[in-house]
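Subject: Handing over a structure

Hello,

I am passing a structure on to you, and I hope you enjoy looking through it. Please open it first, then read on.

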Amino acid sequence: MMIAGRSNDEALTGGDSIPRFGELSKLIPVCLVHSIIVFMYVLYVLLHCFRLLQLDLPAFARDDVAFRRGLWQLIVFHLITGLLLYCLVKCLLTFPGTVPSGQGWELRGEGEEGAEIKVAEKKTSGERRHCKWCLKYKPDRCHHCRICNMCVLRMDHHCPWVYNCIGFRNHKYFLLLLFYAVLDVVFIAITMFETVWWSTRTDVSPSMMLILAFGECFACFLAIATGLFLCFHIWLALKGMTTLEFCEKSMKLKSYDSSLYSAGWLADLSAVLGPHPLLWLLPISLPTGDGMTWNEQ
């Protein structure tokens with residue numbers, strides 16, 4: 001399967017192929033995410049929206065107020081879900097970026113000369129960081145992922161739910177995926193409560209009542225879980241940190257109050273969500289730069 005944006009990186013890396021989707025067992029979390037989306041979609045559309053639309057009744061017998069409410073809820077739900085699915089696919093298929101071949105990044109032996117590239121992150125011995133698997137020097141904020149078997153530019157973390165690393169080129173899609181997921185489940189939980197309440201006051205089957213109640217509770221659980229996760233990643237973005245940098249001991253010693261690469265909350269958010277604030281909440285206008293050079297404090 002071709003990864004979106006892979007052709008540009010093949011030119012930079014010399015065409016080295018990076019295998020994807022080789023281990024089917026690692027696709028289980030991805031399938032679970034898709035199953036949850038399908039379940040919530042069927043539950044909301046068929047049991048909630050269709051009830052309000054009253055499609056089983058002739059037009060003259062329908063409650064116009066309920067019909068209009070069901071129609072706008074159906075439209076808004078599909079709009080949010082469409083954006084969520086788009087970001088999910090982009091997280092799955094967008095190449096996060098890796099260290100290019102050439103340009104002074106190849107690991108050199110003792111005595112070999114080459115272009116010296118300025119970096120802020122070095123070993124305690126003062127030497128440049130390098131990857132013993134990729135045989136390349138590491139740019140700042142770059143880390144090797146053993147699951148993806150490559151070095152990832154500004155690596156945030158490896159996400160098993162999308163079976164991909166979250167790095168420089170797909171970090172915005174990941175943040176927006178969380179944002180749309182929270183928006184979607186909150187919208188479901190708020191609007192579907194009406195149908196759950198209706199099921200307790202109407203002669204419906206116990207199984208229907210249980211399914212609606214379970215869906216409402218599940219939506220609330222997802223809203224809390226993904227909401228906390230989104231808040232954490234927004235806080236990281238405001239601090240100019242990645243998840244891996246957050247876990248580093250040096251950050252713990254500083255009580256997470258500062259980051260080497262933080263340039264103020266506006267610049268830090270722009271480094272993740274793109275240069276145009278009006279487009280931050282849309283999956284367009286990605287961050288600029290090459291993912292290898294950063295302005296440190």
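Below are my notes on its pockets, its salt bridges and a patch on its surface.

Please keep in mind that this is a predicted model.

Let me begin with the pockets. The largest one has a volume of about 630 Å³. Its lining consists of 24 residues, and V33, I36, A181, L222 and T226 are the ones nearest its centre. Four helices, α2, α3 (64–93), α4 (171–200) and α5 (206–239), each supply at least two residues of this lining. Helix α4 gives the most, with seven residues. Sorted by class, the lining of the largest pocket has 21 nonpolar, two polar and one charged residues.

The second largest pocket has a volume of about 380 Å³. It is lined by 25 residues, with R141, R154, A267, A271 and W294 nearest the centre. Helix α8 (residues 265–273) provides the largest share of that lining, five residues. Here the classes are eleven nonpolar, ten polar and four charged.

Now to the charged pairs. Side chains of opposite charge can pair when their charged atoms come close. The structure holds four salt bridges.

One of them joins E245 to R141, with the closest N and O atoms 2.8 Å apart. E245 lies in helix α6 (residues 243–247) and R141 in the loop between β2 (136–137) and β3 (143–145), so this pair ties together parts that are 104 residues apart in sequence. Are these two residues buried or exposed? E245 has a relative accessible area of 5%, so E245 is buried, and R141 counts as buried too, at 6%.

R69 and E194 form another salt bridge, their closest N and O atoms being 2.7 Å apart. R69 sits in helix α3 and E194 in helix α4, 125 residues apart, and the pair thus links distant parts of the chain. R69 is partly exposed at 26% relative accessible area, and E194 is partly exposed at 28%. Together with R51, these two residues are linked in a network of salt bridges.

R129 and E121 also meet in a salt bridge, at 3.1 Å from N to O, and both are buried.

V38, Y41, V42, L46, F50 and L55 make a nonpolar patch of about 510 Å². One of them, L46, is placed in helix α2 (residues 28–53) and is partly exposed, with a relative accessible area of 45%.

Best wishes

How values were computed. Residues are numbered from 1 along each chain as its sequence is written. This is a predicted model: local features need pLDDT of at least 70, side-chain atom pairs count only at pLDDT 80 or more; totals for chains, interfaces and linings use all residues. Side-chain values use heavy atoms; hydrogens and water are left out. Patches are made of residues with over 30% relative accessible area and no salt bridge: like charges are joined within 9 Å, nonpolar side chains (Val, Leu, Ile, Met, Phe, Trp, Tyr) within 5 Å. Accessible areas come from the Shrake-Rupley method with a 1.4 Å probe; for residues, only the protein chains shown count as cover. A salt bridge is a side-chain nitrogen of Lys or Arg within 4 Å of a carboxyl oxygen of Asp or Glu. Buried means under 20% relative accessible area, exposed over 50%, partly exposed in between (1.4 Å probe, protein chains only). On a 1 Å grid over the protein atoms alone, a cavity is a set of points where a 1.4 Å probe fits but cannot get out, and a pocket is an open set with protein on both sides within 12 Å along at least five of seven lines; lining residues have an atom within 4 Å of a point. Grid points are joined across faces, edges and corners, and a volume is the space filled by probe spheres set on the points. Ala, Val, Leu, Ile, Met, Phe, Trp, Tyr, Cys and Pro count as nonpolar, Asp, Glu, Lys and Arg as charged, and the others, Gly among them, as polar.
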